[in-house]
Amino acid sequence: AYVGYGTVAGCLVFTAVGCLCSVRGTLCQGLALLAMGASTLLSVLVTSQGGLIAYTVLYNAISGLAVAACGPAAREVVPTQMTVHAVGHLYLLASPASAIGPPISGWLYDATQSYTLPLVFGGVILVLAALLILIVDFRIWLQRRHSQQHQRVFSTSSSAQMIDVVRMETSL
């Protein structure tokens, strides 16, 4: 039940914040994965059942945010008509990690008789994925900033040309 509560809360929070603030989907996706990785790395410090429940709710709230940000993030990377395909490919690329991760974590637990190494392994993978997405987000931000500056320069120069044309016509 705690997993479901956290996931629903994360989806609702992202939807509310995304609609009100028009937050970039790739930025939310990257930050959510970074928070998931950090919380997984910090989960090795949890020693009580209450702490484990709190971690579970927090992790799944962040996971819900990441799931809700998936569509907007895909829409930023590909043309709008290809968004559905991009989300499908995203899940296709994520599925091998979901299939291979648990056996690797189980093997790490069997080898060390501790959950610390599997949790650190999972946290590091999430942090690396977050860094890749944040690099993509930064490139998208740079491209938009460059195109906005280009549009501003173009519109300013065309306005100046129109003023020059009007001046020439009135002087004749």
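Predicted model: local features only at pLDDT ≥ 70, side-chain atom pairs only at ≥ 80, totals over all residues.
**Exercise 1.** Work out which residues are closest to the centre of the largest pocket, and what kinds of residue line it.

*Solution.* Start at the middle: 40 residues line the largest pocket, and Q29, L33, A94, L126 and A129 are the closest to its centre. Next, sort the lining by type: 31 residues are nonpolar, 9 are polar and none is charged. Then trace the lining back to the helices. At least two residues come from each of α2 (25-42), α3, α4 and α5, and α4 gives the largest share, with 13 residues.

**Exercise 2.** Follow helix α3 from end to end and find where it bends.

*Solution.* Begin with the span. Helix α3 covers residues 49-77, 29 residues in total, and its first and last C-alpha are 41 Å apart, close to the expected 42 Å. Now look along the axis: at C70, α3 bends by about 40 degrees, and the proline P72 follows within four residues. Finally, check burial, taking under 20% relative accessible area as the cut-off. Both C70 and P72 are buried, and the other buried residues of α3 include Y55, N60, I62 and E76.

**Exercise 3.** Find Q113 and decide whether it is buried or exposed.

*Solution.* Then apply the cut-off, where exposed means over 50%. Q113 has a relative accessible area of 56%, so it is exposed. As a last step, turn to the backbone. Most residues other than glycine have a negative phi. Q113, although not a glycine, has a positive phi of about 55 degrees.

Definitions and conventions:
Residues numbered from 1 in each chain as written. Heavy atoms only, no water. Buried < 20%, exposed > 50% of the residue type's maximum accessible area, 1.4 Å probe, protein only. Expected span 1.5 Å × (residues − 1). Bend = angle between axes of the 7 residues up to and from the residue. 1 Å grid on protein atoms, 1.4 Å probe; cavity = no way out; pocket = protein on both sides within 12 Å on 5 of 7 lines; lining within 4 Å. Nonpolar A, V, L, I, M, F, W, Y, C, P; charged D, E, K, R; others polar.
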